[in-house]
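Trainee: I would like to go through the terms used for this model and check each against its definition.
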Amino acid sequence: MSEVVVGHDHHDDDDHHHGPAKGIARWLFTTNHKDIGTLYLWFSFAMFLIGGCMALVIRTELFEPGLQFVDPEFFNQMTTNHGLIMVFGAIMPAFVGLANWLIPMQLGAPDMALPRMNNLSFWILPFAFGLMLSTLFMEGGGPNFGWTFYAPLSTTYAPDSVTFFIFAVHMMGASSIMGSINIIATILNMRAPGMTFMKMPLFCWTWLITAYLLIAVMPVLAGAVTMMLFDIHFGTSFFSAAGGGDPVMFQHIFWFFGHPEVYIMILPAFGIVSAIIPTFARKPLFGYDSMVYATASIAFLSFIVWAHHMFTVGMPLAGQLFFMYSTMFIAVPTGVKVFNWVATMWQGSMTFETPMLFAIAFVVLFTMGGFSGLMLAITPADYQYHDTYFVVAHFHYVLVPGALFSIIAAVYFWLPKWCGNMYDESLGKLHFWLSFVGVNVTFFPQHFSGLAGMPRRIPDYALQFADFNMISSMGAFLFGFSQLLFMYIVIKAIRSGKPATGQVWEGAHGLEWTIPSPAPYHTFTTPPVVSDSNAHN
Amino acid sequence: MQGSIRKTVTRLGLIALGMFCFGWALIPLYDLLCDITGLNGKTGGQYTYDAAMVQPDKSRLLKVNFLTNTNGGMVWEFRSEKGGVRVHPGELKTVNFIVRNPTDKVMVGQAIPSVSPGRAAEHFHKTECFCFEQQVLQPGEELMMPMRFLVGPELPKNVETISLSYALFDITDTVDQGVLAAATAASQKASSLEQTKETKPLVVEG
């Protein structure tokens, strides 16, 4: 493109806009939503591998009772960083990456509303996580207070490196807020003519609601870590009882952020599954409107249930009842969604390509995670389950075969659109079955060890838990190494593979399937016509 | 940037800013909520006792237990003279707490009270308490600190036992260094005068 422009300075500028720049500059300075989406996805995959290695350190230590491989101090750093990296580094950026790739293509928009801010919000992340990971090599070690960083563990008793952790959280927050503003601005302002709100694909809907959640709670988290910073360095006592503060207040503020945060990690997954299941069931999504309202209801409820994470701090009966019932109430809109997915499959002519397998596993296993969540919502029962492996089993069921499976399903589903080649279907199916078996072998026994009383975040345990832990560790290694197969499949598809058609999947509907595969660098520079056939159903 | 996008971005930026402020506003809101409801076992400030206003309710007899503990690295010895007392609601009672600084340094402590069950907190009134101020203790000094309280007669009928717990914190490092320096100087002056007393039982004016 650029070799023919000598002597044609006049056209030089025009040519530049037709394709990506060359070399590293393309990635550093890009404002293209597809490039930035790719950056987000690879970054989150790298973080997923790092966080996964930490999980394997944990499972190695827990393979047998007793202390074998790491000392407890390092074990604590592993549990803390595993949680932080998977939540803020793997799951959230992966969803933002998918949003970047898909939202403009699904809405018929040429790009995101704020392309330069998009570049900034991605490039903050490597620095934020570089800063956080660097603390592991500092004197006194990295964060060791659990991903929830409760005060005073994270203030009075924290390692010196906690200040770097605080700044890293500030940077992640800034990135998330900018990303969310961008997504909302795109969805509200950049839809193609005729793309009304109730014609938008559900992935756009769920992300719109997620982005509002992020804007509402990320600043609260920023406030909380700032208070920690003040307590540590400037002699304030927000969370120190000695100076009139209150450590329990930290938990309230944290979970006011934290509960919406866990829905931030699952709502986009609902959108993905709502795209995949109709495609492979070859039927329109059942109950589109109710899906939208259910998502909005879940988002609203997420703000009034936070204290169910802290039933044991000593709360008046009225508070316990309120938080118990409001938490259980979330099962209603979630149940509507599960019902709709099942009803979509009902009497459909289903085929079971890899994305569909992951989507169905999502519906089944996420529902199991939801049920254990209902058990935890029962206040008196929670006194037994609190801080045990039952909680670990619960949130890993909603996050791994929940959020993570939906991301993997999305990658298989849209990869042919992104790179123009089909992935290897038999390898994809092998990856699914290894992951499916691995995830259940890892996390299902943790329900039992938790109910029997094994506490979380402990490097050693009583002999009675030995069998469950050994099974769990073997499952973890199976699951972890299966993800290398995933990387191989994706790279193989990018380099070679059967060329994909524009529509890719027989039952696929929506604007992104009307453009050629691979998607051109610039799409929808002139807005498309939105007809019923290329809207969500 | 188009006008409509700019409008959206401004609005969203303001929401984010507003939520940041809301995060900080949670602090006073939380304290306010705890004050109103007595949640969290927080007791109120100094109570002005008016004998004419409060009639002891002789028909009820409550048990009030006292717990003392020191937080984290606090090395002071801290105990209450009595493990518990029996009182009628509305009856004024005094209990002594004893604290001793076993180190050879001047130290500052602060006691933080907490009442259990939480719904009794708003009815637990203290006319005098060492927790209202910081304690500066000379090396080896022992101090007897009275705490005078009454339980409001409006205490719910189903509460028969109240536990008052004090956690003692070492705030030597965070206290105003001028106060500490003055106290240390006083201690050195005292020792240079070869004061004979090792421990000086000091009763705070009550």
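Predicted model: local features only at pLDDT ≥ 70, side-chain atom pairs only at ≥ 80, totals over all residues.

Mentor: Residues are numbered from 1 along each chain as its sequence is written, while chains are lettered from A and ligands numbered from 1 in the order in which they are written.

Trainee: Why are α7(A) and α9(A) called roughly antiparallel?

Mentor: The axes of α7 (202-233) and α9 (267-281) of chain A cross at roughly 175 degrees and come within 7 Å. Axes are lines fitted to C-alpha atoms, for helices over the stretch in contact, with angles from 0 to 180 degrees between N-to-C directions. Angles over 145 degrees count as roughly antiparallel, so α7(A) and α9(A) are roughly antiparallel to each other.

Trainee: What makes the contact of α7(A) with α9(A), by class?

Mentor: Ten nonpolar, four polar and no charged residues. Ala, Val, Leu, Ile, Met, Phe, Trp, Tyr, Cys and Pro count as nonpolar, Asp, Glu, Lys and Arg as charged, the others, Gly among them, as polar.

Trainee: How many residues of chain B are in contact with chain A?

Mentor: 27 residues of chain B are in contact with 26 of chain A, where contact requires C-beta atoms, placed from the backbone, within 7 Å. On chain B's side, α1(B) gives the largest share, 16 residues. That side has 17 nonpolar, nine polar and one charged residues.

Trainee: What are the domains of chain B?

Mentor: Domain 1 (2-37) and domain 2 (40-190), with bounds from an automatic or database domain assignment. Their C-alpha centres lie 38 Å apart.

Methods: Contact = placed C-beta atoms within 7 Å. Helix = DSSP H or I, 4+ residues; strand = E, 2+ residues; numbered from the N terminus. Parallel < 35°, antiparallel > 145°, perpendicular 65-115°, else oblique.
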